[in-house]
Amino acid sequence: MSLSPPRPRRRPRAPRRLSAVATAVVCALTTGTVLTAVTPAAALVLAHGGTHDDDLAPHVTSPRVLAEMRDDEVAALGQEHAEEHARMRAAVRGVGDYPQTTRTNRLKALTDSQTTTNAGFDPTVFGAFNQYFSSPDFGDHIALLPTGKVLVFSFERIETNPEKEPAPTQTTGKENAGRAFLWDPAKGYGSEAFKQVTPPIVDMPDGLHEPRPAPFFCSGHSFLPNGMLGVFGGNLGGNGGTGAKLSLVFDPWTETWTKNPDMSVGRWYPSVVTGADGRQLIMSGQSELGWGTPTPVVERFPAKGYQVPLLKTETPKNTPVDRFKADAPFSLDYPHLFSLNDGNIYGFGRQANEQWKFDPVAESRSDLTARPDGRKRNYGSAVPLPGGPNGPDSALVLGGDRDNPSTLRFSNGSWTAEKSRAFGRTQDDTVLLPDGKLLTVNGAYDIRDYGNGPYNPNADLKYRQIELRDAQGNWKLGPVQRLPRGYHSNAVVLPDGRVMVTGDELQQIANNPDINGRVSGIPGTAGPVTMDGTIEIYEPAYLHQGNRPSLDRAPTTPVGYDKKFLVTTSTPERAAKAVLLSPTTATHSVNTSQRHIELRLSSRAGNRLEFQAPPDAKAAPPGWYMLFLLNDQGVPSVAQWVQLSPSA
């Protein structure tokens, strides 16, 4: 879909949309509780967790910010969060133009500093950034598909100034639209490597009757067992972020979307996880009433009584969700959800005391020990740690606290402190690599603060620096990526072992070499498309450490649990072990799909290796996985795709 300016009759809305920038952003900053009438003093005590007189003191000294303070927001939200609103309003009033010369100079400065800084990092130890190219989408949502292609999707921007809100969060009608593209790494880095896959045209229940591509940005998603992607929720528009009831499926095999019956509640910023039974649990998100109304309702897809799709041809159509018996009363959005190897779903909320276990069979919820840091972790990453052949039994929670670099491990019902990263960062993305190590990319000081204030695209260099965690839990800082990427940043491991990094629409807009430039040649489009996104490729150190093993043949039919299967390799001397790595689908630092499983080696004879699949679906939920061979130093082959299925 080509971008077009707002229609004349919609222009009177622009001032209202801009004045609501603070609310649109702060929906990601503040608590998700329903706003109630409390006294300002009581609100301050609740906001700061104490009763000392110091807690009640104002923090604002700027006259511009003081002029934007509102008593009703202090009463409802507390001093700290009311200040965030005021700062955003003050920032918007002070916004001027953002010329192309600034964008061009910014990108050059970042490119030069990346080259200079990274010259001091040995690629054989730290890896290297080696590709940077334009994309037709911001990549606020991402999914590596079992075809090897990457689905990126977000929204049609309403602003080109990176000091303003580009998303139509506060907008209703046709401007509030989603967009989606496929990137095919096999076709390289030009516009011809992308294909537009527009979401279904919908008439949203906003009273305007203006059909448009489904506004599914800020939704939640996870994979179905047949490799399809379930996408739930999105943006209805207005009131600080209003939840849509959308229920969609993307079919990677036909590269098409299907709209299913709506959910029972709207969800803006939900989380979705696939359990051992192959069904998806959908939790959290702001409701159709708007920001400040998080829903505790848990829904399930497909609903009980409907088939869980296992085959490529089984596209869920006219398939509803149903109500899970237990609620999930997360007060803040996008909790981390993981299906660990006991078959339960673990929900790690951003508030320290919102940690729960969900039993998919009994449909029950039970309390977990509160996170011992006692602090709110805003958007930060979490990862289920490698657990050998039996799958993960623990998870690492890290990031989300700009002033706290600590990492915490949850295992066997309790929390333990792990080694900290170099500094606190929010909006980070931490991915599992084929060798079992962790890579952190992206991050900021806060939602859109890179060390120089909200909505200021200038970034301290440290927020561009990656961090690497070894098998002993030690972290080390590595090279810098070209763009700082915070809010809406993403990363996925590709089948060739490289890491694709994208996201953060403000930074992509702020560093665009030609913000109005358009290109043709993208399949699926009716005309030229604005290349207003970017992708960067990181090559881990293992790609600079000698020859890879070769994985020549893997099963092309589904593999059953605990079953033995053969692979062939022309380099058996370099094949020490094999792992399954699940493909990533992520947004807002939430990645519920990651999993690293080491396979049991049954036998080897010449170029034929026999492995044994994970013991059951608790160890590895049904679905598609990347199969890597690794040498004794952890250098991986190029992966082949295999499907684990309970029916095989």
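Me: How does the lining of the largest cavity split by class?
Reply: In this predicted model, the lining of the largest cavity has nine nonpolar, nine polar and one charged residues. Ala, Val, Leu, Ile, Met, Phe, Trp, Tyr, Cys and Pro count as nonpolar, Asp, Glu, Lys and Arg as charged, and the others, Gly among them, as polar.

Me: How much space lies in that largest cavity?
Reply: About 250 Å³. The volume is the space filled by probe spheres set on grid points, which are joined across faces, edges and corners. A cavity is a set of points on a 1 Å grid over the protein atoms alone where a 1.4 Å probe fits but cannot get out, and lining residues have an atom within 4 Å of a point.

Me: Which of the lining residues are the closest to its centre?
Reply: Of the 19 residues that line the largest cavity, these are F223, T274, S582, S593 and Y625.

Me: Which elements give two or more residues to that lining?
Reply: They are β8 (220–223), β12 (271–274) and β39 (623–630). Of the elements, β39 gives the most, with three residues. Helices (H or I, at least four residues) and strands (E, at least two) are DSSP runs, numbered from the N terminus.

Me: How many cavities of 30 Å³ or more are there in the whole structure?
Reply: The search finds 10 of them.

Me: How many helices and strands does the protein have, then?
Reply: The protein has nine helices and 40 strands. Of its 648 residues, 62% count as buried, where buried means under 20% relative accessible area, exposed over 50% and partly exposed in between (1.4 Å probe, protein chains only). Among contacts (heavy atoms within 4.5 Å) between residues at least 6 apart in sequence, 64% join residues at least 24 apart.

Me: Why is strand β28 described as largely enclosed?
Reply: Five of the five residues of β28 (residues 489–493) are buried, so the strand is largely enclosed by the rest of the structure. Both faces are covered, with S489, A491 and V493 buried on one side and N490 and V492 buried on the other.

Me: And which strand does β28 join, over how many bridges?
Reply: Five bridges join β28 to β29 (residues 499–503), and the two run antiparallel. Two strands pair if DSSP finds at least two bridges between them. The bridge partner of S489 in β29 is G503. This hairpin has five residues between the strands, and G497 takes a positive phi near 90° there.

Me: What is the order of the sheet they belong to?
Reply: The order is β1-β32-β29-β28, an open sheet of four strands with antiparallel pairing. Strands β1 (128–135) and β28 stand at the edges with a single partner strand each, so one side of each is left without a neighbour in the sheet. The twist averages 20° from one strand to the next, taken between N-to-C directions on a scale from 0 to 180 degrees, with axes as lines fitted to C-alpha atoms (for helices over the stretch in contact). Within the sheet, β29 and β32 (residues 533–539) pair over four bridges, and V501 stands opposite E536 in β32.

Me: Switching to the other sheet, what is the order of β16, β17, β18 and β19?
Reply: This open sheet runs β16-β17-β18-β19, with antiparallel pairing. Its edge strands are β16 (336–339) and β19 (364–367). Four bridges join β18 (residues 355–359) to β19, and D359 stands opposite S364.

Me: Which residues have a positive phi without being glycine?
Reply: Among them are S284, at about 70°, and H588, at about 50°. S284 lies in the loop between β13 (280–283) and β14, and H588 in the loop between β35 (585–586) and β36 (596–598). At 1% relative accessibility, S284 counts as buried; H588, at 1%, is buried too.

Me: Where is the cis peptide bond?
Reply: A cis peptide bond joins F301 and P302, with omega about -10°. P302 is found in the loop between β14 (299–301) and β15 (322–323).

Methods. Residues numbered from 1 in each chain as written. Predicted model: local features only at pLDDT ≥ 70, side-chain atom pairs only at ≥ 80, totals over all residues. Heavy atoms only, no water. 1 Å grid on protein atoms, 1.4 Å probe; cavity = no way out; pocket = protein on both sides within 12 Å on 5 of 7 lines; lining within 4 Å.
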